[in-house]
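Hi there,

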Amino acid sequence: FKDDLSTSPQLFTSMSPYDVDLPIQTTEDVLFSSQFNQSKELPADFSSVDLSFLPDITQDNKEQNLSGDSHEMQKELDGSIPRNEDSGIFMDESSSSYPDATQPSPEASDVCPPLTPMTPMTPVTPASESSGIVPQLQNIVSTVNLACKLDLKNIALHARNAEYNPKRFAAVIMRIREPRTTALIFSSGKMVCTGAKSEEQSRLAARKYARVVQKLGFPAKFLDFKIQNMVGSCDVRFPIRLEGLVLTHQQFSSYEPELFPGLIYRMVKPRIVLLIFVSGKVVLTGAKERSEIYEAFENIYPILKGFKKAS
Amino acid sequence: MAAGGSCPGCGSAALVEDAHYAQQQLVCASCGCVLAEGLLTTTYAEEEHLREVAYSQSTGQKEQLSRCLQRGIRRVQDLCKVLQLPTVFEETAVSYFQRAVQHPSFHLVSLEKKELLGGCCVFVTCRQHSWPLTMGTICSLLYAKQELFASVYLSLQKELELSVPALSLADLVKTHLNSFRLFQHAADVPAPFVEDKEKMVTRTMQIVELASETWLVTGRHPVPIVTAAAFLSWQSLQPAARLTCTFARFCKVAGVDLPPPAHLRLKELLEILLRMASQLAWLRVFKMDKKTVVKHIGDLLQHRIFLLKNAFCLEDEEERCATALGEHSPVSPPAQEEGCPAEGKRQREGGPGPLLPPCLTNPRKRLRTAAPSASDLAITGDEPISDSEIEQYLRGPEEIRAFRQAKAWP
């Protein structure tokens, strides 16, 4: 059925950068090339694949499908849970019976004609070259459930690195040196870990805190570890006319020099808040995954660059 | 006092108006026959002196709104009246306020915040109609803390998804200068201080535009810039008499606050003007400094486009830099020919540098976080954790005893 894919109607050509991202494979295994890689062996067994999402083509998909930049795609898929809904179309297509392949076409035909997105999308510059700048992660906030009630006074007494001031805040503030982080430990057993520079560091730090609590005699477990927020920053190395940016991207930007010197840009996809400063420094926050930060920066960079030339 | 007429009973003309308890009665004095009884309500109040009944009172519309909402709406209306805003603004502001208070995120906020919410609605309305109103003004009218106002404003903008256009500097200049008391002769304004309003407004506007072109405005609070520009323009209109006057004195006489950043803005403006002056052919003979450049502000503003191009190496032109610009032609030359001198010349002449915001030209020394080291990158998050590492964070028994003795822990 390889031929079917290659001779598939023009409807699908715009989506060609979408290599077949098979959700049953881990993203690290799938190698992306800029060409639609036909040589990949498509697994015949789809029993483990969840196809329930197939019928819907959401606005998200349309937007992604039309952005021709596979490089952006790659970054997006690298760190995150594979976007099942996008590959769903191809899943159906690549199934052995040809009539199935036509199934998505009515939906796809909705996709291809010129789209006016119903929700305001951050304008995407198609096929832009990558900026070459990688945002650096500055802070990761994660939570974990230790699943046991804790005696905070006891912890503060027996641990050197803990501070507890119940009148000010109802949690123990604990710090460790490596990785350099801070944790808020609540009596319910929930814990918040902040200050790590990467997801793995955050996880390691959270485990260390859990071990400290264990050693203090509590039956602490390590449940539901989740990254809640990631903050990154970078520098585009040229000054930015914030007044102009707020004029052209009014529905996303908020620039109030009386309140704050930076422009607050609320990107819709991915849902990230960017703080853009006149010096060219950009802070990105609100991400649950690293890829969102990279994607957001790749989205904003052409906008900022376009601005620089225009001024 | 008898009214006209005779008693139907006895025919006597002695009719008396008397009150039976609270009711007026017309009674015959001879036979006691009651001719007429007073009305319980008088025509005077209702029919001859009719008062307009407001729609909201007659329909019970007001009763539908909670007292808190009513109070808030009244506050918004009062604010609009104090600021002398057109009636359209009042209606829009009230409608925003009603929408906001009904929104779940504002429904239960404190009364203080609800009052600030009213102020924010007025502020948003003014901005949307390009009425230059600063947050400082609203905060001072509401006796509000700026941080609280800022947070309420930002959440209002987000929740109601309002698009608020940027503050127009031109309008702000006009409004701000209106509050300067320099345009008329008065007892406390010395004669050399008085200035023509039109001239001052025009020149201040030009200086503010110059500031915004040279990156002095982006990211900064607008009012200090306008104040500094006003001072410079006022000085330059009559430099002989006014050069000796300080900024602080100027603001005091003009009856205007001197915001702290204004001194820095003044310094930055003067630096820009000095750079421009170095490119003006007939000024290069003079040694310019911060005082003397003020005299030539008029000329500098007149030729500012040309001077800016020459004084600063605009990044676009770096690539097409011509070599050796010795003399500058006073008439604006084509873009290809001018542009900046080559890099080497730049240092020698003290000539054009890049046009950058002050935060980039004078960067504060900041500790740059190092890029993640190789060992950091190798962390998987699942490494084994040694006991000794954890134990370093636990207190020994002697320590605990010592703490307990010190009664650190009740």
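Please keep in mind that this is a predicted model. I'll begin with A:Arg266, which is partly exposed, with a relative accessible area of 36%. In chain A this residue sits in strand β8, which covers residues 263-267. A:Arg266 also belongs to a patch of positive charge on the surface, where it gathers with A:Lys226, A:Arg271, A:Lys288 and B:Lys158.

Next, the salt bridges. Side chains of opposite charge can pair when their charged atoms come close. Over all chains, the structure holds 20 salt bridges. One of them pairs B:Glu389 with A:Lys208, with 2.5 Å between the closest N and O atoms. This pair joins two chains, because B:Glu389 lies in helix α22 (residues 387-391) of chain B and A:Lys208 in helix α8 (residues 199-215) of chain A. Both B:Glu389 and A:Lys208 are buried.

B:Asp387 is partly exposed at a relative accessible area of 39%, and A:Arg211 counts as partly exposed at 22%.

B:Asp387 forms a salt bridge with A:Lys215 too, at 3.2 Å from N to O. A:Lys215 lies in helix α8 of chain A and B:Asp387 in helix α22 of chain B, so this pair joins two chains. A:Lys215 is partly exposed, its relative accessible area being 33%. Through shared partners, salt bridges join A:Arg211, A:Lys215, B:Asp387 and B:Glu391 into one network.

Is A:Ser291 buried or exposed? With a relative accessible area of 2%, A:Ser291 counts as buried because that value falls under the 20% cut-off. Between A:Ser291 and A:Pro270 there are 9.4 Å in space, C-alpha to C-alpha, and the two are 21 residues apart in sequence.

Finally, some totals for chain B. Its secondary structure comes to 23 helices and 5 strands. Of the 410 residues in chain B, 40% are buried. Among its contacts with a separation of 6 or more, 58% are between residues 24 or more positions apart. Chain B exposes about 23,800 Å², and carbon and sulfur atoms supply 55% of that area.

Note on methods
Residues are numbered from 1 along each chain as its sequence is written. Chains are lettered from A and ligands numbered from 1 in the order in which they are written. This is a predicted model: local features need pLDDT of at least 70, side-chain atom pairs count only at pLDDT 80 or more; totals for chains, interfaces and linings use all residues. Side-chain values use heavy atoms; hydrogens and water are left out. Patches are made of residues with over 30% relative accessible area and no salt bridge: like charges are joined within 9 Å, nonpolar side chains (Val, Leu, Ile, Met, Phe, Trp, Tyr) within 5 Å. Accessible areas come from the Shrake-Rupley method with a 1.4 Å probe; for residues, only the protein chains shown count as cover. A salt bridge is a side-chain nitrogen of Lys or Arg within 4 Å of a carboxyl oxygen of Asp or Glu. Lys and Arg count as positive and Asp and Glu as negative; His and the chain ends are not counted. The place of a charge is taken as NZ of Lys, CZ of Arg, CG of Asp or CD of Glu. Helices (H or I, at least four residues) and strands (E, at least two) are DSSP runs, numbered from the N terminus. Buried means under 20% relative accessible area, exposed over 50%, partly exposed in between (1.4 Å probe, protein chains only). Contact means heavy atoms within 4.5 Å.
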